[in-house]
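This report describes the fold of one protein chain for a reader who is new to structural description. Please keep the sequence and the model in view while reading.

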Amino acid sequence: MSDPYGRTWWGRKWWRALETIGLNYPDQRIVKGRALAGHGAVTGMSIDPGTVSGSVTDNGRTYETEIRIPVYNASAWAAGMTALSLSPSCVAGLLAGRLPKRIDDVLAETGMRLLPKKFVTEDHNRITATCPCADSREVCAHIMALALVSAAKMDDDPWLVLLLRGGPTRDLAGRLRAARVASMDAAQPA
């Protein structure tokens, strides 16, 4: 049986990013988070620019949980779209409805990263999480459950990864084409 949370490289990388703020397998918070996620304890989950939020029910109590990551502004995304438009493998992957594995390498050339990389401490990679439960660590089982369920959702809809970072999710083909044309126009001698 395959793992239902993180079937894609981007889904796995998302929930594993929580290791950067204090969890490493086989931490019991991961085990309990998997159990909660598998039993449908996460409800009302939403993925919005900079935030994944949802309610997690555990032992008759419901916890409003939230995971936050910084979003990139419009000018950063314009530079990122230009870089992506100049990468044939990224264009092909995005037009096929998936995130190509090279996407973070290409975006890194412009100072961006879609998904946090373990042990990278730049401000734009800093994940924070909140849950009102009694666990004193920043990542509790409830946050882990939310991360796992959101990873499964991102597996099904890779554009949610772009949305989470404040990126474009509509008319990606048109945006890539426009960015490429603009970069070609800028490269023309005056």
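Strands S2 and S3 run antiparallel and are joined by eight bridges. This is a predicted model, and the pairings described here are read from its coordinates. Within this pair, Gly 54 stands opposite Thr 65 of S3. The two strands form a hairpin with two residues between them. In that turn, Asn 59 has a positive phi of about 50°.

Strand S2 also pairs with S1, again in the antiparallel sense, over five bridges. Here Asp 48 is found opposite Thr 51 of S2. The hairpin of S1 and S2 likewise has two residues between its strands, and Gly 50 takes a positive phi near 85° there. Strand S2 is mostly covered, since six of its eight residues are buried.

## The complete sheet

Strand S3, residues 61-68, pairs with S4 in the antiparallel sense over three bridges.

Taken together, the four strands make an open sheet in the order S1-S2-S3-S4, with antiparallel pairing. Its edge strands are S1 (42-48) and S4 (128-130), each of which pairs on one side only. On average, neighbouring strands of the sheet are turned by 15° against each other, with direction ignored. Helix H6, residues 141-156, packs on this sheet and touches S1, S2 (51-58), S3 and S4. The direction of H6 makes about 65° with that of S1.

## The chain as a whole

How many helices and strands does the secondary structure of the chain comprise? There are eight helices and four strands. Along the sequence they follow the pattern α-α-β-β-β-α-α-α-β-α-α-α.

Of the 190 residues in the chain, 46% are buried. Among contacts with a separation of 6 or more, 67% are between residues 24 or more positions apart.

## Helix H2 and its buried side

Helix H2 covers residues 28-38, and its buried residues are Arg 29, Ile 30, Gly 33, Leu 36 and Ala 37. These residues lie on the same side of H2 because they cover an arc of only 125° around the axis. The face turned away from that buried side carries the exposed residues Gln 28 and Gly 38.

What do the buried residues of H2 pack against? Their partners are helix H1 (9-16), strand S2 and helix H6. Just after H2, Gly 40 takes a positive phi of about 70°.

Val 161 belongs to helix H7, residues 159-164. Its relative accessibility is 1%, so Val 161 counts as buried. Leaving aside neighbours within four places in sequence, Val 161 is in contact with Trp 10, Leu 99, Leu 114, Leu 115 and Met 154. The C-alpha atoms of Val 161 and Pro 49 are separated by 9.2 Å, although these residues are 112 residues apart along the chain.

Ser 87 lies in the loop between helix H3 (74-85) and helix H4 (88-95). Is this residue, at 6% relative accessibility, buried or exposed? Ser 87 counts as buried because its relative accessibility is 6%. Not counting residues up to four places away in sequence, Ser 87 touches Arg 102 and Val 106.

## Cysteines

The structure holds zero disulfides. A disulfide is a covalent bond between the sulfur atoms of two cysteines. Cys 131 is in no disulfide, and the nearest cysteine sulfur, that of Cys 140, is 3.7 Å away. To count as a disulfide, the two sulfur atoms would have to be within 2.5 Å.

Both Cys 90 and Cys 131 can be described by their accessibility. Cys 90 counts as buried at 0% relative accessibility. Cys 131 is buried as well, with a relative accessible area of 19%; the cut-off for a buried residue is under 20%.

## Confidence in the model

The pLDDT of the chain averages 86, and 88% of the residues score at least 70. Confidence is highest in S2, at 98, and lowest in helix H8 (residues 172-187), at a mean of 73. Where pLDDT is low, the predicted coordinates should not be read in detail.

Terms used:
Residues numbered from 1 in each chain as written. Predicted model: local features only at pLDDT ≥ 70, side-chain atom pairs only at ≥ 80, totals over all residues. Heavy atoms only, no water. Pairing = 2+ DSSP bridges. Axes fitted to C-alpha atoms, helices over the stretch in contact; angles between N-to-C directions. Contact = heavy atoms within 4.5 Å. Buried < 20%, exposed > 50% of the residue type's maximum accessible area, 1.4 Å probe, protein only. pLDDT = per-residue confidence, 0-100. Arc of directions from axis to C-beta.
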